[in-house]
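Subject: Structure handover

Hello,

Here is the structure for you to take over.

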Amino acid sequence: MTSLRRRNFLKLSAALGVAPAVSQLVPTAVSAAGTLKPQQAPGYYRYKVGDIECASINDGAKTFPLPDWFVKNVDKSDVLAAVRDAYLPEGSVTVPFNPQVINTGGKLVLVDTGLGPGAFTGSGGAVGRLLTNLAELGVAPEDIDTVVISHMHPDHTNGLLMSDGSKTFANAEIMVPAKDWDFWMDERNAVLGKDNPLMKNYFSNVDKIFSGIRKEVNRYDWGKEVAPGVTAIGTPGHTPGHTSFAVSSGSSTAFIQSDVTNIPEFFLRNPDWHVGFDKDPEQAQETRHKFYDMVSAEKASVIGFHFSFPSIGHVEKDGAGYRLIPVAWSAAL
């Protein structure tokens, strides 16, 4: 395989009129004076929406073999082709997690909390890095005034508690969508979902996270501000109360889409695919079209919880689907 690559390189070099030195083609042993750090650089990215300062905070990413149920309504071979087209690890899927911090000027708001400190480690990546990256940004847990939950799945709520069960954000008001709260707190729904392993785990996790703080949780409704300049938008399907947010200041608006789509290389490119995590796949499909038609028409910035870090971009219509154009990285705010 190496010789073939070298031969192709020589042919290309000749075609370009470049004659590489033989020494450049022969691997040589290299010794370094030091070693590289095993972790990536701190994962936060600051951006502005008008006068509102925001930051995308990376909670890590998890890579795992593609489950048969990940996309419900297409053949797995089509999904594996999407894996290859996206240059993801062969036969696997990588899911990033990116909560958002919004400084409204009067309040420091955290949208979603990730999976919690040290949730997973190993060769498939690491998650649970929210607090580490908040600290690098200069934000301590006690600085957070409000935690707004988009929906009550584990990767959005588990960071509410430390590993010892204590509250992570001791001074923060905790807000959840009223429609999601009503669904997950209804014991009748838990009974109906007991034969579905995924739903059973979800209900069990909701009980674990919220049983001790239930009285401290406030519910919010769609169409209203959850913080100054931050309005809740109903985007159901993924869960009954799944919520996105419009962040507005002056003439600028950005949309935090939460989980309207999971992995954009799959479900933004193919909005009619049904992701296995959606409670109501048909409703989620309809929501994707409505939401992305809106943001593409407005040419607004879109922030996705499961987009590749820094998780910010623009969405354009592309045939029957859509495509994500990642934000141009800026070294300054």
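Overall

Please keep in mind that this is a predicted model. The protein chain contains 10 helices and 16 strands. Of its 333 residues, 46% are buried. If contacts in the protein chain are taken between residues at least 6 apart in sequence, 65% of them join residues at least 24 apart.

Nonpolar cores

The largest nonpolar core has 49 residues, and those touching the most other members are Phe 70, Phe 210 and Phe 266. The element that gives the most to this core is helix H8, residues 197–210, with six residues. Another core lies apart from it and has 21 residues, including Val 49, Ile 102, Met 175 and Ile 312.

With residues up to four places away in sequence left out, the contacts of Phe 70 are Phe 64, Val 93, Asn 262, Ile 263, Phe 266, Phe 267, His 274, Val 275, Gly 276 and Phe 277.

Asp 278

Asp 278 sits in the loop that runs between helix H9 (264–267) and helix H10 (281–298). Its relative accessibility is 5%, so Asp 278 counts as buried, the cut-off being under 20%. The side chain of Asp 278 makes a polar contact of 2.6 Å with the side chain of His 238. Not counting residues up to four places away in sequence, Asp 278 touches His 238 along with Lys 72, Gly 237, Ala 284 and Arg 288.

Thr 287

Thr 287 belongs to helix H10. This residue is also classed as buried, because its relative accessible area is 11% and the limit is under 20%. Pro 271 is 16 residues away from Thr 287 along the chain, and their C-alpha atoms are separated by 9.4 Å.

Second largest pocket

The volume of the second largest pocket is about 350 Å³. It is lined by 14 residues, of which Gln 40, Ala 41, Asn 58, Gly 60 and Arg 129 are the closest to its centre. Sorted by class, the lining of this pocket comprises six nonpolar, seven polar and one charged residues.

Regards

Technical notes:
Residues numbered from 1 in each chain as written. Predicted model: local features only at pLDDT ≥ 70, side-chain atom pairs only at ≥ 80, totals over all residues. Heavy atoms only, no water. 1 Å grid on protein atoms, 1.4 Å probe; cavity = no way out; pocket = protein on both sides within 12 Å on 5 of 7 lines; lining within 4 Å. Points joined across faces, edges and corners; volume = space filled by probe spheres on them. Nonpolar A, V, L, I, M, F, W, Y, C, P; charged D, E, K, R; others polar. Core = buried A, V, L, I, M, F, W, Y, C linked by side-chain atoms within 4.5 Å. Buried < 20%, exposed > 50% of the residue type's maximum accessible area, 1.4 Å probe, protein only. Helix = DSSP H or I, 4+ residues; strand = E, 2+ residues; numbered from the N terminus. Contact = heavy atoms within 4.5 Å. Polar contact = N/O pair within 3.5 Å; in protein donor to acceptor, adjacent residues only side chain to side chain.
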